[in-house]
Amino acid sequence: LEDEEMQALAVSALFPNLTSLDVTCNQIRYEGMHAFASSSYFPNLSSLTVTFNLIGEDGMKALAASSFFPNLSSLNVSCNGISDAGMQAFAASSFFPKLSSLNVSCNGISDAGMQAFAASSFFPKLSSLNVS
């Protein structure tokens, strides 16, 4: 998948009961992640894996600003070129109260990004965190 296919998925109303989406090892960049994060067609999504893509910090910021995934409990965005700014934006997001598992490994997140996340009170259900 590339951005165009992710954008097409984002505007499709065919999967309202989708609970898990794995788009590992594709060419999804900011544009594709922004389109998906702006979609209201996935209200039941509880697991999202976007590993080994190219969403970068802007893609993470788009996801952080999205209120369309109220049931998301597992998020894996490892290996995506996410930096401190993306992690800080996510840490400041109150849109993921059910998140229990987060994988942000293999990104460019330093102590500053992780300190922002550690100081956040928006993830009360988090029980698994991978930052390796």
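This is a predicted model: local features need pLDDT of at least 70, side-chain atom pairs count only at pLDDT 80 or more; totals for chains, interfaces and linings use all residues.

Q: Is Asn26 buried or exposed?
A: The relative accessible area of Asn26 comes out at 15%. The cut-off for buried is under 20%. So Asn26 counts as buried.

Q: Which backbone nitrogen lies 3.2 Å from a polar atom of the Ser66 side chain?
A: Ser66 is in the loop between α3 (56-64) and β3 (74-76). Ser66 is buried, at a relative accessible area of 3%. Leaving aside neighbours within four places in sequence, Ser66 touches Ala37, Phe95 and Phe96. The backbone nitrogen lying 3.2 Å from a polar atom of its side chain belongs to Phe68.

Q: How many Å apart in space are Ser66 and Asn17, C-alpha to C-alpha?
A: Along the sequence, Ser66 and Asn17 are 49 residues apart. In space, C-alpha to C-alpha, the separation between Ser66 and Asn17 is 19 Å.

Q: Is α4 roughly parallel or roughly antiparallel to α5?
A: Helix α4 (residues 84-91) packs with helix α5 (residues 111-118), their axes 8 Å apart. The angle is about 5°. Since angles under 35 degrees count as roughly parallel, α4 and α5 are roughly parallel.

Q: How many nonpolar residues does the contact of α4 with α5 have?
A: On the α4 side you'll find Asp84, Met87, Gln88, Phe90 and Ala91, and they meet Ala112, Gly113, Met114, Ala116 and Phe117 in α5. By class, 2 residues of this contact are polar and 1 is charged, while the nonpolar count is 7.

Q: Within what arc do the buried residues of α4 fall, seen down its axis?
A: The buried residues of α4 are Asp84, Gly86, Met87, Phe90 and Ala91. They line one face of the helix, because seen down the axis they fall within an arc of 160°.

Q: What covers the buried residues of α4?
A: Asp84, Gly86, Met87, Phe90 and Ala91 are the buried ones here. Their cover includes α3, β3, β4 (101-103) and α5.

Note on methods:
Residues are numbered from 1 along each chain as its sequence is written. Side-chain values use heavy atoms; hydrogens and water are left out. Helices (H or I, at least four residues) and strands (E, at least two) are DSSP runs, numbered from the N terminus. Buried means under 20% relative accessible area, exposed over 50%, partly exposed in between (1.4 Å probe, protein chains only). Contact means heavy atoms within 4.5 Å. A polar contact is a pair of N or O atoms within 3.5 Å; within protein, one must be able to donate a hydrogen and the other to accept it, and residues adjacent in sequence count only if both atoms are side-chain atoms. Axes are lines fitted to C-alpha atoms, for helices over the stretch in contact, and angles run from 0 to 180 degrees between N-to-C directions. Angles under 35 degrees count as roughly parallel, over 145 as roughly antiparallel, 65 to 115 as roughly perpendicular and the rest as oblique. Ala, Val, Leu, Ile, Met, Phe, Trp, Tyr, Cys and Pro count as nonpolar, Asp, Glu, Lys and Arg as charged, and the others, Gly among them, as polar. The arc is that of the directions from the helix axis to the C-beta atoms.
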